[in-house]
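User: I'm new to this one. Can you walk me through it?

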Number of protein chains: 2
Amino acid sequence: MTDNVQPASDRRAFLVGAAAGAAMLAPQPALAAGDMEALRKAVAAGHDASIKRIQDWIANPTIAAEGRNIAGGADYMAQLARDSGFQNVRIVPTDGSPGVFGTIDSGARTWVGVYFMYDVKQFDPAEWSSPPLEGRVVDRPGLGKAIVGRGAVNQKGPEGAFLAALHAFKAAGRKLPVNLVLVAEGEEEIGSPHFPQIVRDPEVMAALRKCRGIFLPSAGQDRDGTSDITLGSKGVIELELVSSGEHWGKGPSKDVHSSLKAMVDSPAWRLVQALGTLVTPDGNTPAIDGWFEKVRPLSDRERALIAENARLTSEAERKKELGVAHWIDDLPWQQALERLASQPTVNIEGLVGGYTGPGGKTILPHRAVAKLDLRLVPNMTAADCLAKLKAHLAKRGYGDVEVNMTGGYDPTETPEGAAIIKAHQAILTRHNISYSLYPRNAGSWPGYVFTGRPLGLAADHFGLGHGSGAHAPNEYFVIEPSDPRVAGLDAMVLGFAEFLYELAAMK
Amino acid sequence: MTDNVQPASDRRAFLVGAAAGAAMLAPQPALAAGDMEALRKAVAAGHDASIKRIQDWIANPTIAAEGRNIAGGADYMAQLARDSGFQNVRIVPTDGSPGVFGTIDSGARTWVGVYFMYDVKQFDPAEWSSPPLEGRVVDRPGLGKAIVGRGAVNQKGPEGAFLAALHAFKAAGRKLPVNLVLVAEGEEEIGSPHFPQIVRDPEVMAALRKCRGIFLPSAGQDRDGTSDITLGSKGVIELELVSSGEHWGKGPSKDVHSSLKAMVDSPAWRLVQALGTLVTPDGNTPAIDGWFEKVRPLSDRERALIAENARLTSEAERKKELGVAHWIDDLPWQQALERLASQPTVNIEGLVGGYTGPGGKTILPHRAVAKLDLRLVPNMTAADCLAKLKAHLAKRGYGDVEVNMTGGYDPTETPEGAAIIKAHQAILTRHNISYSLYPRNAGSWPGYVFTGRPLGLAADHFGLGHGSGAHAPNEYFVIEPSDPRVAGLDAMVLGFAEFLYELAAMK
C-alpha cells in the first residue's frame with residue numbers, strides 16, 4: 001500500500017535524548033579512522049550518477065495494478081542489485097509478480113536485511129506539472145531542488161540513495177561493516193499479495209534468519225527536518241465488494257433501461273444495503289460480527305507516547321493540511337490520535353457502478369463495486385478478518401456479494417528496545433534531528449512477513465532526507481534542500497553508510 | 001430522457017380491430033385522387049436526399065450533458081425546419097439550450113403539433129463498430145440495411161423521415177392537409193429542464209393552443225413489424241445526490257489517505273447511509289416519507305390492457321432479452337407488468353466516488369455521488385416529489401447531502417378516446433400492423449408540457465419503421481428492412497403523410 005509514512009505533521013519533533021553538542025561527539029562504532037571521509041568523497045564523486053540512477057529507474061515503472069512492466073521491472077531491480085555489489089542475485093518467481101533476492105557477504109559479524117519495492121502507484125500524466133516518468137529536477141519553492149516523478153519518494157529515491165551508499169563503499173575501497181540480505185517485491189502497491197511466497201523461498205528464508213533486523217530505505221524527514229520512528233503499522237485488507245446480477249441470480253446480467261426498476265431487482269441497491277451493514281450509522285465504527293474480538297487496547301506506554309505526540313504537534317496545522325474541521329465525534333486532539341492508532345477501520349476508497357460520466361444516463365446497472373480498505377490493529381489478522389467479513393455478509397443473506405481481496409496483511413510490531421530501533425535513534429540523535437517515537441502507523445506495510453512468525457525480525461524504516469506526494473501527482477524527493485535541517489541527497493547516502501556502521505555495532 | 005419507447009418485447013402484437021382485407025379498403029379521408037401516388041413518386045425521388053439529410057444531422061451532434069454544440073445544433077434544427085417549409089422559424093432562448101419554433105399554415109382546418117428533440121445522448125466511439133457520427137449504412141443481419149449512428153433512431157432518423165414527408169409535399173406540389181406547429185428542444189437527453197420555458201413562450205403557447213394534438217415522430221415498429229400505442233408515460237426526476245466534506249462540515253475537503261478513516265468522517269459512508277433510507281431493504285420500494293400519498297392505483301381498464309398484453313407477450317423472451325431470471329418478488333408475468341406500469345421507483349443509475357480505476361487506491365474520498373432516477377406515476381408531480389425527498393433527508397439529519405436535480409417532469413396521460421390516438425390506430429389498422437394498446441410507458445418523455453395544464457393536448461408518438469439502441473452503442477435506424485412487415489424509409493415517410501391526412505379528417 002506504500003502508505004507506510006505518517007502524515008507530515010504527525011512527525012513533529014519531540015526530541016528524545018542527547019543535546020546537539022554531546023551527540024556530535026558520540027563515537028562512531030566500527031568506523032575505522034578515515035572511513036567516513038573516504039566515503040564522503042566517494043559519495044560526492046558519485047552524486048550525478050546517483051541522480052541518474054534514480055531518474056532512469058523512474059523512467060522504467062512497474063505498476064502491478066495495470067500489469068505494467070512486471071518481468072522487465074524485476075530484471076531491472078536485479079541489475080540494480082548486481083551493480084551495487086549484491087551477489088547471487090536471483091529472480092524469485094511467485095504466482096504474481098516475481099521477487100528479487102541477493103546477498104552481500106562481506107565477512108562481517110552481523111547480517112542485516114533490506115526490503116525494497118520496485119513497483120510504483122498508478123499515475124495520470126494530465127495531473128502532473130512535469131512528465132511523471134521524466135524524474136525532472138525541479139526547484140520546489142520552500143523545499144529546494146527535487147526530483148519530481150512517480151516513485152520519486154515512494155520508493156525509488158530513498159532506495160536509490162541506499163544503492164548509492166553501496167556504490168560509495170565500493171568506490172572508496174571500503175568493506176561493508178555488515179552483511180546484507182536484499183529482498184524486493186513488485187506488488188507493494190497492490191497489498192503485497194505474493195510477498196509471503198518470496199520470503200518463504202528456502203534460500204531467502206535461510207538468509208533472513210541470520211539477520212538482526214530489516215529496514216526499508218525511506219526519506220524519513222519532514223520538510224522542517226524533524227523525523228519519527230514508528231514501532232509498528234496497522235494491517236490492512238484491500239478488497240472489492242462486487243454485487244452483480246449474474247452472481248446474485250436476481251437483477252439483470254447486463255445494464256438495462258432504468259424504467260425497468262419497477263420490475264427488476266437492482267444489484268446497485270443490493271451493494272448499498274450490504275455496505276450499510278458493515279459500519280455504524282455514522283460510518284465510523286466497523287459493525288462486522290466479531291470484528292473487535294481480537295483488538296488489543298493501547299498499552300500505557302503507547303498512550304504515553306501518543307500523549308507526548310499530541311502535546312508537541314499542532315492540531316490546527318494538521319486540520320488545515322487535511323482540510324478537516326472536526327475529528328470523528330468532535331474528539332479532542334489526543335483522543336483523536338489515540339483513535340487513529342488504536343481503532344480498526346472499514347473505509348470506502350471508491351464507489352463505481354453504472355454510469356459515472358457527466359450528467360445522468362437512464363440505466364439500471366447490472367453490477368456495482370465498492371473498493372474498501374480495512375485497517376487492522378494487533379492482534380487482528382487478515383485471514384481471520386476476511387473470514388469474518390464473509391460470514392457477516394452470508395449471515396445477512398448477502399452471500400452473493402463477492403468479496404475479492406486484492407491484497408493485505410497483518411499488523412506489524414517491533415519492540416521499542418530492538419537493536420535496529422536503538423541504532424536508528426542513535427543516528428538521529430547524533431545528527432541532532434528531533435524525532436518522535438510513535439507507537440503505530442495508521443497506514444500499512446507488509447512488515448508482518450518479517451516481524452511475524454516464523455522470522456520474528458525487528459523491522460524499521462530508516463533514512464534521512466525529505467520527499468512527499470506518494471500516490472499523488474508531482475511526487476517529489478528533495479536532493480538539494482533549502483532548509484539546512486533537511487539532509488540532501490549526499491547526506492542521505494552517507495546516513496545509510498552510518499546506519500550500517502551503527503548496525504554493525506549492535507550488541 | 002429519450003426513454004419514451006417500450007422495450008421491444010413489450011410491443012408484441014395484440015391486434016385491435018379490423019382484419020387486413022377490410023382495413024385495406026378503408027377510405028383515406030381528405031385525400032384527393034392521385035395525391036398519394038404523387039407523394040409516393042416524390043418520396044422515391046427524394047430517397048437519397050432523405051438519407052443524406054439524416055446522415056448530415058447525425059454528423060452534427062448536440063449533447064446537452066457535455067455542453068456540446070448547443071447554439072450550432074439549434075441553428076441546424078432551425079435550418080432543417082426552414083428547408084422543409086416551416087415559416088416564421090425562430091430560436092427560442094431559455095436559461096439553458098434554446099428551443100426552435102416554427103409553423104406551417106397551409107390554410108387547413110386543423111392544426112397539429114410536432115415535437116422534435118435535436119440533441120442526442122453521449123457516446124463513446126470505442127464501443128461502436130462504425131464511427132458514431134458517420135451514420136454509415138450497414139447491413140444488419142436479420143434486420144436489413146440500417147443507418148448506424150448516434151441519434152439514428154433517437155430521434156434524428158424518424159424526425160428526418162417526417163421532414164422528408166414535408167419535402168415530398170412540396171416536391172409533389174401538394175398542400176399539407178393540416179397546419180403544423182413545430183416545437184423543438186435540445187435538452188431532451190438531460191430531462192428537458194428548460195422545455196417549459198420554450199412552450200410558455202407566448203407565441204409558441206398561442207400556436208399550440210390551436211392544435212388538436214401533438215406527436216413525436218418515432219420508429220414505432222418492432223423488428224417483427226408489430227407496434228404499440230401507449231396512453232401515457234411515467235414522470236421522472238433525474239438527480240445527483242452529492243455528499244461532500246465541504247458541504248457537510250465533517251470529513252475532509254479533499255481526498256486524504258485512507259488510514260485517516262480512524263479519525264476523520266467519511267462523506268462516502270454518509271452517502272451510503274443516506275441512500276439506504278430511500279428504499280426498502282430489498283431496494284425495490286421507495287421509502288421516502290409520503291412518497292405514495294398521490295399515487296393513483298391502476299384503473300380496471302388499465303389492468304385489462306395489461307392483462308391482455310401479458311397474455312399475448314412472451315415472458316421467457318423478455319427475460320432472455322434483459323438477462324433477468326426473476327422479476328421482483330418472483331412475481332408472475334402479469335403482476336410484474338402491473339408493477340412496471342403502476343409503481344414509482346427510485347433507481348441508482350450510477351455510483352461514483354473516490355478511486356474508480358483498476359485495483360485500489362488508499363484514499364478517503366472527500367466526495368461521493370449517486371446518480372438517481374425516480375419514476376413517477378399519476379398523480380405524483382416532480383416538484384412535490386423533489387420537495388418530499390429533500391424533507392426526508394433533512395428529517396434524518398442528511399440535510400447536507402445535496403440534491404441536484406438535473407431534469408425531470410410530471411407523468412403524461414392521453415385519453416384512449418383522443419382523436420390523435422384514433423388516427424394512429426386507423427393507420428396501423430389500414431396497414432395491417434398488429435399493435436398493443438399500453439396504458440403507461442414505464443419510461444418518460446416531457447409530454448406533460450403538452451398534456452398538463454394549461455394546454456391539455458393529447459400527445460402521442462407516431463411513426464412506422466424500426467430502429468433500436470437508443471443510448472447504446474451501434475444505435476440504428478432501418479431503411480431497407482429484410483422483413484416485409486417492417487416499413488422501410490420511404491414507407492415510413494409516406495406513413496407520416498397518411499397520418500397528416502388522417503389527422504385532417506379528425507372530427
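User: In β20(B), what is the bridge partner of G467(B)?

Analyst: The partner is F477(B). Keep in mind that this is a predicted model.

User: How many bridges join β19(B) to β20(B), and do they run parallel or antiparallel?

Analyst: Two bridges join them, and the strands run antiparallel. Strand β19 of chain B covers residues 467-468.

User: Which residues make up strand β20 of chain B, and how does it pair with β5?

Analyst: Strand β20 of chain B is residues 476-481. Strand β5 of chain B, residues 144-148, pairs with it in the antiparallel sense over five bridges. In that pairing, K145(B) has E480(B) as its bridge partner in β20(B).

User: Now chain A. What is the order of the four strands in the open sheet there?

Analyst: The order is β4-β5-β20-β19, with antiparallel pairing. At the edges stand β4 (136-140) and β19 (467-468) of chain A. Each has a single partner strand, so one side of each lacks a neighbour in the sheet.

User: And how many bridges join β5 to β20 in chain A?

Analyst: Five, with the strands antiparallel. Within that pairing, I147(A) sits opposite F477(A) in β20(A).

User: Switching topic. By what turn can chain B be laid on chain A?

Analyst: A turn of 180° with a shift of 0.1 Å along the axis does it, at an RMSD of 0.1 Å. The two copies are thus related as by a two-fold rotation axis.

User: Which residue of chain B comes closest to the rotation axis?

Analyst: That is V352(B), with its C-alpha at 2.4 Å from the axis.

User: What area is buried between the chains?

Analyst: About 6700 Å², and carbon and sulfur atoms give 57% of that. M263(B), W269(B) and L351(B) supply 12% of the area that chain B buries against chain A.

User: How many salt bridges cross the interface of chain B and chain A?

Analyst: Zero, by the rule used here. For polar contact, the count between chain B and chain A is 40 residue pairs, both residues at pLDDT 80 or more.

User: How many salt bridges does the structure hold over all chains?

Analyst: It holds 52. In one of them, the side chains of D289(A) and K395(A) meet at 3.9 Å, N to O.

User: Where do D289(A) and K395(A) lie in the chain?

Analyst: D289(A) is in the loop between α9 (267-276) and α10 (300-312) of chain A. K395(A) is in helix α13 of chain A, residues 382-395. They are 106 residues apart, and the pair links distant parts of the chain.

Definitions and conventions: Residues are numbered from 1 along each chain as its sequence is written. Chains are lettered from A and ligands numbered from 1 in the order in which they are written. This is a predicted model: local features need pLDDT of at least 70, side-chain atom pairs count only at pLDDT 80 or more; totals for chains, interfaces and linings use all residues. Side-chain values use heavy atoms; hydrogens and water are left out. Copies are superposed by least squares on the C-alpha atoms of residues with pLDDT of at least 70 in both. Buried area is the accessible area (1.4 Å probe) that two parts lose on being put together, summed over both. A salt bridge is a side-chain nitrogen of Lys or Arg within 4 Å of a carboxyl oxygen of Asp or Glu. A polar contact is a pair of N or O atoms within 3.5 Å; within protein, one must be able to donate a hydrogen and the other to accept it, and residues adjacent in sequence count only if both atoms are side-chain atoms. Two strands pair if DSSP finds at least two bridges between them.
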